[in-house]
Structures are given as C-alpha cells and as structure tokens.
Amino acid sequence: DFPVNKTYINIDYRKNRVKNIFECLLLVAAGAILFTLPNPNFLFKNGLPFFAWVMYLPFLFLIKKSSLKNCWLFGGLYGSLCVGFYAYWLYNYNPLCLYIALVLAFTGIALLSLALKGLEFLFPAKAWFMQFLLLCSFEYLRTLGFMGIHYGLAAYTQWNSKLLLQTASLGGVFLL
C-alpha cells in the first residue's frame with residue numbers, strides 16, 4: 001500500500017470545487033443572457049424570439065450540475081439576473097419596484113431550483129420530463145394573484161409568429 005497524501009487530496013478537492021462553482025456561475029450568466037435575448041431588451045427592441053426555444057437549457061444544466069446544497073443559491077442568482085436584464089426599465093419607473101422584483105425573482109427561482117433538484121431524486125429516469133412540467137407550471141403560477149406578472153413568459157416571445165399565435169388561440173398562451 002502507498003501512503004496517502006491528505007494534503008494532495010484536499011487540494012485536488014478544492015480545485016474541483018472551485019471549478020464546479022465557476023462552471024455553475026457561467027451557466028447562471030449564460031442562462032440569464034439566453035432568457036433575456038428573446039424578450040424585448042436594451043439590445044434588441046423586439047427581442048430575438050428563436051432563442052426562446054433554448055432559453056431554459058443553461059438553467060436546467062445548472063440544476064443538474066449543482067448540488068442540492070447550492071442549487072437554491074445559483075437558481076436565485078439566475079432569477080435575479082434574468083429580471084435585472086429584462087426588466088431594467090422598472091428602475092426608471094420606481095427603483096423600489098425593481099428591487100422588489102429582484103427579491104421576488106431570487107426567492108421564487110431559488111424555490112423552483114430546489115423543487116427541480118428534488119425531481120432528480122424522486123424520478124431519476126424521467127426527471128427531465130417532470131422538470132419540464134414543473135417549469136411550465138411555474139410560468140403559469142407566476143402570472144396569478146396580486147404579484148402576478150405576465151412579462152417574461154417564454155410563450156410571449158413568439159408574438160411575431162402568425163402560425164404560433166394561431167396555435168395559441170386553440171389553448172391559450174400556455175399551450176404554446
């Protein structure tokens with residue numbers, strides 16, 4: 001048997017942990033940018049609707065990559081960045097509105113992240129399908145109630161496609 005150098009193992013563990021955190025932060029940034037691009041934003045007045053078809057992929061990879069202990073934090077950062085990027089104009093309306101929206105987004109997406117991570121444990125074989133259903137349900141739920149806001153829904157990014165708008169007339173925006 002070879003003697004184990006605990007210092008080497010500890011350094012290797014720290015390198016992997018730092019690398020994982022860095023990769024998760026990259027996924028947070030990429031996800032927030034992809035979420036912002038299809039919506040009207042400060043770069044593209046009408047948004048780039050084709051990005052809506054892949055806008056949640058970095059977020060879902062983030063959930064898969066992060067640990068249960070950290071997924072809420074990364075998810076909350078993702079939610080706050082998304083709102084900060086696509087609803088920046090709230091600051092001009094009333095700065096307090098933007099701050100409240102950032103806190104609500106952080107809290108909501110952090111809880112969603114925990115639920116999505118939990119689905120990986122509950123349904124290991126079909127987690128992707130269950131996560132898709134939960135994500136769609138979350139988009140619906142965030143439009144309800146006093147604090148409900150429709151701005152930023154994935155389906156609303158397709159406003160310029162006549163075929164998709166006609167499809168939505170059959171079952172509403174959530175069919176899309």
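Predicted model: local features only at pLDDT ≥ 70, side-chain atom pairs only at ≥ 80, totals over all residues.
**Chat about a helix pair and a buried glutamine**

Biologist: Let's pick Gln131. Which helix does it lie in, and which residues does that helix span?

Modeller: Gln131 belongs to α6, which covers residues 127-141.

Biologist: Is Gln131 buried or exposed?

Modeller: Buried: the relative accessible area of Gln131 is 7%, and the cut-off for buried is under 20%.

Biologist: OK, what does the side chain of Gln131 reach?

Modeller: The backbone oxygen of Leu116, at 3.0 Å. Leu116 is also one of the α5 residues that meet α6.

Biologist: Leaving aside neighbours within four places in sequence, what is Gln131 in contact with?

Modeller: Leu60, Ile63, Leu116, Leu119 and Glu120. Leu119 and Glu120 are in α5 too, among the residues meeting α6.

Biologist: How far is Gln131 from Ser113, C-alpha to C-alpha?

Modeller: Those C-alpha atoms are separated by 9.8 Å, and the two residues are 18 apart along the chain.

Biologist: Now α2. Which of its residues are buried?

Modeller: α2 runs over residues 57-65, and Pro58, Phe59, Leu62 and Ile63 are buried in it. Down the helix axis, these buried residues fall within an arc of 145°, so they line one face of α2. Ile63 is also one of the contacts of Gln131.

Biologist: What does the face of α2 turned away from the buried side carry?

Modeller: Phe61 and Lys64, both exposed.

Biologist: Zooming out, how many helices and strands are in the protein?

Modeller: Seven helices and zero strands. Along the sequence the pattern reads α-α-α-α-α-α-α.

Biologist: What box do the C-alpha atoms fill?

Modeller: Roughly 70 × 40 × 30 Å, along the principal axes.

Biologist: What share of the protein's residues is buried?

Modeller: Buried residues are 32% of the 176.

Biologist: Last one: among contacts with a separation of 6 or more, what share is between residues 24 or more positions apart?

Modeller: That share is 60%.

Methods
Residues numbered from 1 in each chain as written. Heavy atoms only, no water. Helix = DSSP H or I, 4+ residues; strand = E, 2+ residues; numbered from the N terminus. Buried < 20%, exposed > 50% of the residue type's maximum accessible area, 1.4 Å probe, protein only. Contact = heavy atoms within 4.5 Å. Polar contact = N/O pair within 3.5 Å; in protein donor to acceptor, adjacent residues only side chain to side chain. Arc of directions from axis to C-beta.
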